Every structure is written in structure tokens, then in C-alpha cells.
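The following exercises concern one protein structure. Each begins with a task and continues with a solution in steps.

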Amino acid sequence: MIRLKNEEEIEGIRKSCHLLADCFNQLIPMIKAGMSTKQVDDLFVEFIKSHGGKPAWYKENFKGAACISINEEVIHGLPSKKKIIHDGDIVSLDVGIDLNGYISDSCHSVLVGNVKPEVRKLDQVTLECLAAGIQACRVGNRISDISNAVYEIATKHGYGVVYDYCGHGVGLDVHEDPSIPNCPSRGPNPRIQPGMVLAIEPMINLGTADVYTAKDGWTVITNDGKPSAHEEHTVAVFEDHTEILTDLNYNK
């Protein structure tokens, strides 16, 4: 069931999303080669808790605040003292905040040091996919319009579009209906309505779209070992516009 949010709920979600944007703005510049992903996660946990929030992933029994996925890891990378960030890595940081019961969700892929040009292009195209998906998220359109917008751009560049995982509703829980695939789907295709709060999140691979789950039960990895990029925003749909709630440049 899709839960449409009222003005009060959207305002609560907006505050959570703005806190998440502040979190990314402060911490992304701190991500350096030589850090463990546990060290990175500790930064996010400290920021979130010191600002009155809780890591939203705790609701999913995930042991950390940030899913930290490196290179061929697509999503859900577990923080670890043994996993070290190196120069040239693409590091996807997927983070959510529970602020007074209101959930935000966003992901940014960070390019560390001397990243290969083809990986930089992959992330740039993934950002274009995200922008196109958000542009298609308008009252009267359908969820498939978001999916098709993302898929068209990614496949034009010959990239693999992850089909096993997708965007989703968000705001009162970490994962809500509807599901938002990044490629054409035969699943439910509801019309976009005012009051929807959605996490739109292209996951785009340099090679194959196929993925598998590691033995840890969480980390999702590309089948061919090629890098993946992941970008995500939480948006709220209004009658006459769609607001990017997790915009890093929101008007404070």
C-alpha cells in the first residue's frame, strides 16, 4: 500500500532529509584513501547521533549507518575495519537518518583520488540518470516513466542497469511501496500522485547488469567484477512540482 504523506509528515521528512544533506556536505570531503570503511561509518554514526537522529539502517538490522560499497560492490557494503579505501576507488555511501520517526535516504558515489576516466564517466552518467528520473517524477506520470528515463540514458552508453534492486517509497519507514525499477518492468505501475515521497536511485554498472550477493548476506557485487555507481535522492511530489528533499544545496 502506498502511503501518501500530509503536509506535517512531509515537513518532518524534509527536516530529516536536510540533516542528511548537511551530513554528506560535512563528511564527503573527509573520505580519503587509507581509511577503513568502519572509520567512515563511525563518522556518519557520530554525526547522526550528535544531531539527534538515529541511523535509519538500524531498522533493517544493518550494523552501521552507511552502506559503503567500493568499486564492483553495487550496494549494501558492510562497514569493516579490514576493508580499506584506496586511491582510484569509487565509493558509494548510502545513508538514511531516522529523525523523530521521519526517514531520509540518499546515496552519493565518491571518487577517491586518481579514478579512471571510464569510472568518472560512469558516475557522471549515473547522475544524469538520477536527474532524468527525478524530471519524470511528476503528477500524472507513472512509475514506469521514471524507470524508462533512467534506463534510456544508461543503455545509450552501453551500461548495465541493475534490475534485481530498485528505488522505493520512503519517509515513514526505510522501504515503502511503490517499488521504482531502473529498467522496464511488468510489475505494478501506479500513477504518480501528490503526497508521494520516493527514493529514486539508479544503480548503473560499467559492464553486465547481473549481480550476486556475497557470503556476508548483504554486499551486492557485479557478476563481472566491473565497477558500479549508485546515486540517490529522496523527493516529495506536489501538485505542481517535485522537490528534491536531500538536495545538497537546499535553501537553509
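**Exercise 1. Determine which residues of helix 3 are buried, and how far the helix reaches.**

Step 1. The buried residues of helix 3 are Val119, Leu122, Asp123, Val125, Thr126, Cys129, Leu130, Ala132, Gly133, Ile134 and Ala136. Buried means under 20% relative accessible area, exposed over 50%, and partly exposed in between, with a 1.4 Å probe and protein chains only. Helices (H or I, at least four residues) and strands (E, at least two) are DSSP runs, numbered from the N terminus.

Step 2. Some conventions apply throughout: this is a predicted model, in which local features need pLDDT of at least 70 and side-chain atom pairs count only at pLDDT 80 or more, whereas totals for chains, interfaces and linings use all residues. Residues are numbered from 1 along each chain as its sequence is written, and side-chain values use heavy atoms, with hydrogens and water left out.

Step 3. Helix 3 covers residues 117–136, which makes 20 residues. Its first and last C-alpha are 29 Å apart, close to the 28 Å expected at 1.5 Å a residue; the expected span is 1.5 Å times one less than the number of residues.

**Exercise 2. Identify the elements that supply the largest nonpolar core.**

Step 1. A nonpolar core is a set of buried Ala, Val, Leu, Ile, Met, Phe, Trp, Tyr and Cys residues joined through side-chain atoms within 4.5 Å. The largest one has 29 residues, and those with the most contacts inside it are Cys129, Cys137, Ile146, Ile192, Leu198, Ile200 and Ile204.

Step 2. At least two residues of this core come from each of helix 3, helix 4 (143–156), strand 9 (197–200) and strand 14 (233–237). Helix 3 gives the most, with eight residues.

Step 3. A second, separate core has 25 residues, including Phe24, Val40, Val45 and Ala65.

**Exercise 3. Describe the surroundings of Asn182.**

Step 1. Asn182 is located in the loop between strand 8 (176–180) and strand 9. Its relative accessible area is 2%, and therefore it counts as buried.

Step 2. Leaving aside neighbours within four places in sequence, the residues in contact with Asn182 (heavy atoms within 4.5 Å) include Ser147, Tyr151, Tyr165, Cys166 and Met203.

Step 3. A polar atom of the Asn182 side chain lies 3.0 Å from the backbone oxygen of Glu201.

Note on methods:
Polar contact = N/O pair within 3.5 Å; in protein donor to acceptor, adjacent residues only side chain to side chain.
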